[in-house]
Amino acid sequence: MRIELQHASEELKEDKEVVLVAVNHEGDALEYASEELKGDKEVVLAAVNQNGHALYYASEELKGDKEVVLVAVDQEGLVLQHAFEELKRDKEVVLAAVNQYGFALEFASEELKVDKEVVLAAINQDGFALYDASEELKGDKEVVLAAVNQRGYALNFASEGLKGDKEVVLAAVNQKGGALRFASEELKGDKEVVLA
């Protein structure tokens with residue numbers, strides 16, 4: 001049963017049964033629930049389980065609840081941006097987010113942007129997530145190879161040293177020929193690389 005909570009009376013927006021039906025059908029309906037129900041863990045869990053973006057409408061307290069945030073980022077990793085800072089430092093939460101959406105790495109704490117396991121998980125979901133990795137990991141050959149093997153243009157975000165590494169550049173060019181534009185000048189003149 002679909003309920004258009006947006007157009008319901010204020011009284012029904014405070015009715016937990018009505019709101020649960022609404023958010024189970026469309027998680028973003030949480031936006032129109034009463035403030036009290038935006039702070040009700042059962043209601044918010046139902047909403048974020050249906051649509052992770054519903055975390056945006058949850059009470060501040062529940063944006064800091066690890067169980068709620070884990071359910072939300074499993075649905076939509078990008079909602080990590082709405083979680084409390086302490087959860088952006090929580091490896092389990094961040095791994096769940098980047099496994100769903102690699103670019104969620106942008107919202108991870110700086111400490112986790114240097115964590116090779118977290119960065120590799122993000123890159124395995126989308127090689128362009130290398131953009132948000134620490135400078136140290138942009139210079140890590142294993143990390144960069146994982147990125148360019150998935151998305152050749154990720155070479156653009158590699159350290160200058162690895163843009164001059166023949167193995168890395170060959171992997172990038174083999175994945176996407178145009179990645180040659182990001183290679184060092186020396187490798188742009190290497191016949192084997194150009195013909196790859």
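## Ground rules

Helices here are DSSP runs of H or I at least four residues long, and strands are E runs of at least two, numbered from the N terminus. This is a predicted model, so local features need pLDDT of at least 70 and side-chain atom pairs count only at pLDDT 80 or more, while totals for chains, interfaces and linings use all residues. Residues are numbered from 1 along each chain as its sequence is written, and side-chain values use heavy atoms, with hydrogens and water left out.

## Histidine 82 in its loop

Let's start with a loop residue: histidine 82 sits between α6 (66-75) and α7 (85-88). Its relative accessibility is 22%, so histidine 82 counts as partly exposed (buried is under 20% relative accessible area, exposed is over 50%, partly exposed is in between; 1.4 Å probe, protein chains only).

Leaving aside residues up to four places away in sequence, histidine 82 touches Leu55, Tyr56 and Lys63 (contact means heavy atoms within 4.5 Å). Glutamate 10 is another story: 72 residues separate it from histidine 82 in sequence, and the C-alpha to C-alpha distance is 26 Å.

## α9 alongside α11

Next, a helix pair. Helix α9 (residues 116-125) and helix α11 (residues 141-150) have axes that come within 9 Å and cross at roughly 10° (lines fitted to C-alpha atoms over the stretch in contact, angles 0 to 180 degrees between N-to-C directions). α9 and α11 are therefore roughly parallel to each other (under 35 degrees; over 145 would be roughly antiparallel, 65 to 115 roughly perpendicular, the rest oblique). On the α9 side, the contact is made by Lys116, Val119, Leu120, Ile123, Asn124 and Gln125, and α11 brings Glu142, Val143, Ala146, Ala147 and Gln150.

Now for the inside of α9: Val118, Val119, Leu120, Ala121, Ala122 and Ile123 are buried. The cover over the buried residues of α9 includes α8 (91-100), α10 (135-138) and α11. At the start of α9, a side-chain oxygen of aspartate 115 comes to within 3.0 Å of the backbone nitrogen of glutamate 117.

## Salt bridges across the chain

The model has 23 salt bridges (a side-chain nitrogen of Lys or Arg within 4 Å of a carboxyl oxygen of Asp or Glu). Glutamate 142 has a relative accessible area of 46%, so it is partly exposed, and lysine 116, at 31%, counts as partly exposed.

Aspartate 65 and lysine 41 form a salt bridge at 3.1 Å, N to O. Here too, distant parts of the chain are linked: aspartate 65 is in the loop between α5 (60-63) and α6, lysine 41 is in helix α4 (residues 41-50), and they are 24 residues apart. Aspartate 65 counts as buried because its relative accessibility is 18%, and lysine 41 counts as partly exposed at 31%.

## A local pair and a network

Within helix α14 (residues 185-188), glutamate 185 and lysine 188 lie three residues apart, about one turn of the helix. Their side chains meet in a salt bridge at 3.3 Å, N to O. Glutamate 185 is at 61% relative accessibility and so counts as exposed, while lysine 188 is partly exposed with a relative accessible area of 31%.

Finally, Lys16, Asp40 and Glu42 join up in a network of salt bridges.

Definitions and conventions
Polar contact = N/O pair within 3.5 Å; in protein donor to acceptor, adjacent residues only side chain to side chain.
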